Every structure is written in C-alpha cells, then in structure tokens.
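User: I am new to reading protein models. Please walk me through some features, one at a time.

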Amino acid sequence: MKKVLIFLLAVVVLVAGIYFVFNLTPPKPTITIENNTVEVAQGSYCWGGLIKGQCVDMISPPELIKHHELKPVTVSPGAELKIKFNRKPQENTLVASIWFSNDEVENASLNDNVLVVPKEKGVYIYSVSARWEKGSSSYAFVIEVK
C-alpha cells in the first residue's frame, strides 16, 4: 500500500512539473515559406501561469534580429508565408507588421494565417503577435526577397 501511494505521489509531481514547464511561456510559432522554416526570436510578452504570471519587455524587432544574429531566409517575390502555433491563438488576434526601422512600421495583411511577402527585392523584418487565454506574445523574424 505504501509503495502505491509513493508511486501515485510521484506521478502527480511529474504531471504537475510538466504542466508548469509547458505553461509558463507563450507558444512559439512555426513559420514556413517555400518549404523552409524561418527562425523566430521571442519578443515582448505577458503570460499567466497557474501560480504566477510574468511580463517581459524586449527590444524592438530590428534589434532582436541583430541580437540573436538571425539570418534572413531567401524567398521568391510574392511567396506565401504560413504561421502556425501548436496552441491556437484567440480568434482575430494574430497580427503582423513589417519593420523598416525602429520608427517606421507598417501593418502586414494576414489571410488565414498566411502572409504574402512583397514582390520587391530586399530584406524585410517582420513581427507577429497574438493573444491566448493566458496572455499575449510577439515574435520577430527576417526574410530576404530575391
């Protein structure tokens, strides 16, 4: 009987530990374009856990790209960039922006989590953000249209 109780307690502790580890941070998106996965940097976020929550303010997307030394993924003009999360964001909360500098930002049009990249050649820094029941988060990535 004592072994069964110890085993059950160990299972409860293990399950609780896994729950806390996977629920303390926002889900990271998988961004794909032309069969390539785009590397993503975590931006600012606020996230609530079962016991505690936290808000983390990060530097701007252009600075995040530099800090993490993210290399642009080369894509074709007008290619479709797909954004997917393992935990679906709340409806109509996923938004995207193109950063031309720390001061110049433009909204990017998303349609069913798909973003069409510009037809003009160049390096483009994007940020995406979304909301979930537990909070919100933003992410940055970079592409190069050739």
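Analyst: Start with cavities. On a 1 Å grid over the protein atoms alone, a cavity is a set of points where a 1.4 Å probe fits but cannot get out; lining residues have an atom within 4 Å of a point. Grid points join across faces, edges and corners, and a volume is the space filled by probe spheres set on the points. This is a predicted model: local features need pLDDT of at least 70, side-chain atom pairs pLDDT 80 or more, while totals for chains, interfaces and linings use all residues. Numbering starts from 1 along each chain as its sequence is written, and side-chain values use heavy atoms, without hydrogens and water.

User: How many cavities of 30 Å³ or more does the structure hold?

Analyst: One. The largest cavity has about 40 Å³ of space. Its lining is Leu24, Trp47, Gly49, Lys52, Gly53 and Gln54.

User: How do I read a sheet?

Analyst: Strands of a sheet pair through backbone hydrogen bonds, either parallel or antiparallel. Strands here are DSSP runs (E, at least two residues), numbered from the N terminus. Two strands pair if DSSP finds at least two bridges between them. In this model, five strands form an open, antiparallel sheet in the order 2-1-6-10-9. Strands 2 (36-38) and 9 (110-111) are at the edges with a single partner strand each, so one side of each lacks a neighbour in the sheet. Strand 1 (residues 30-33) and strand 6 (residues 80-84) share four bridges. Threonine 30 has lysine 84 as its bridge partner.

User: Where is glutamate 34 found?

Analyst: Glutamate 34 sits in the loop between strand 1 and strand 2. Its side chain and that of serine 76 are joined by a polar contact of 2.9 Å. A polar contact is a pair of N or O atoms within 3.5 Å; within protein, one must be able to donate a hydrogen and the other to accept it, and residues adjacent in sequence count only if both atoms are side-chain atoms.

Methods: On a 1 Å grid over the protein atoms alone, a cavity is a set of points where a 1.4 Å probe fits but cannot get out, and a pocket is an open set with protein on both sides within 12 Å along at least five of seven lines; lining residues have an atom within 4 Å of a point.
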